[in-house]
Amino acid sequence: MIIFKSINKLKKKVNIKANVGFVPTMGSLHKGHISLIQSSKKKCTKTLVSIFVNPSQFNKSTDFRKYPRNLNKDLKILKKLKVDYVLIPSIKEVYKTKKQMRIKINNEDKILCSKYRPGHFEGVLGVISVFLENIKAKYMFLGNKDFQQIFLIKKYLGNKFITKIIDCKTIRLKNLLAYSSRNNLLSKKNIKYGILISKIIKKFHYQISKDFSKIKDIENIKNKISGICSRVEYLEIRNKNNLKKNINKNNFKIFVAYYFGNVRLIDNF
Ligand code: AMP
């Protein structure tokens, strides 16, 4: 495994255009990340994993500072997985100009997370755009846990770069809670409540799939979840193909964002 602390050095040493799969992460690796890496290893000759906690996608500086970081543990995991290349670039190298830090999105896309975390996806698109421009991997692997993120990356960057985007399924604990780096910030009690929330939404999804008129229960479900966590930011049902509200029993997806204290969790079913 070769560790690069600079994108430039990586570009000089590695022929990325040859069948390389790229897995961008913010570190604190868990089984969700590991499944993306395994998908890349299956499909590609070489796998590159980046670890970069991107400041421009945090709308609160305290959230950026408190984001869990575990570099030594991450490197051990990556070594064990026999990842070929790891990129840990500096903020200074990623962003040569302030302009690169954000890509504007249209008002029609300011829904779900992008409505409640202004500037977040602008920052995500900024960093992914810098990476794809420089790295030119054949494939990039992203998790459906961040469904809106994949949607916007495909929409705004999909045609700009040679890299093909592969979306991978959400990995969950047996008890249904989705793996997330932010789970590290939760107490045991809140993890239990998180599991309960996942179960409630999964059941709601099942009920809608059996009887579509059940979508009318959304406010009840939202109230139920509100009683379990500190605050529900949104609970919405949208069309998984365009994220609009024209839903039917074949295209609907339930999206949720909620808080335990300052810790914000998202999921979709
Ligand atoms: P992050 O480190 O949180 O920026 O995530 C890096 C990548 O891992 C993103 O493409 C995420 O969607 C993906 N990811 C995070 N959690 C999961 C999960 N539980 N299952 C599958 N992919 C995930």
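## A tour of the ligand site and the open pocket

Start at the ligand: one of its nitrogen atoms is 2.8 Å from a polar backbone atom of Ile 171, a polar contact (a pair of N or O atoms within 3.5 Å). This is a predicted model, so local features need pLDDT of at least 70 and side-chain atom pairs count only at pLDDT 80 or more, while totals for chains, interfaces and linings use all residues. Residues are numbered from 1 along each chain as its sequence is written, and side-chain values use heavy atoms, with hydrogens and water left out.

Stop 1: Select Asp 146 next: a polar atom of its side chain lies 2.6 Å from an oxygen atom of the ligand. At Gly 143, look at the backbone, where a polar atom is 2.9 Å from a ligand oxygen. Taken alone the ligand exposes 490 Å², and the protein buries 92% of that (Shrake-Rupley method, 1.4 Å probe).

**Stop 2: the shell.** Now show the 16 residues around the ligand; Met 26, His 33, Asp 146, Ile 171 and Tyr 179 come nearest (near means a heavy atom within 4 Å). Colour strand S2 (20–25), helix H2 (31–43) and strand S5 (139–143), the elements that give two or more residues to this shell. H2 gives the most, with three. Helices here are DSSP runs (H or I) of at least four residues, and strands (E) of at least two.

**Stop 3: the largest cavity.** The ligand sits in the largest cavity, meaning that more than half of its atoms lie within 2 Å of the cavity's grid points. On a 1 Å grid over the protein atoms alone, a cavity is a set of points where a 1.4 Å probe fits but cannot get out; a pocket is an open set with protein on both sides within 12 Å along at least five of seven lines, and lining residues have an atom within 4 Å of a point. The largest cavity holds about 870 Å³ of space. Among its 47 lining residues, select Met 26, Tyr 67, Lys 145, Asp 146 and Gln 149, which lie nearest its centre. Which helix gives the most to this lining? Helix H7 (120–135) does, with six residues.

**Stop 4: the largest pocket.** Finally, select Lys 60, Asp 63, Arg 182, Asn 262 and Val 263, nearest the centre of the largest pocket among its 15 lining residues. The pocket's volume is about 320 Å³. Helix H3 (61–66) and strand S9 (263–268) each give two or more residues to the lining, and H3 gives the most, with three.

Notes:
Polar contact = N/O pair within 3.5 Å; in protein donor to acceptor, adjacent residues only side chain to side chain. Points joined across faces, edges and corners; volume = space filled by probe spheres on them.
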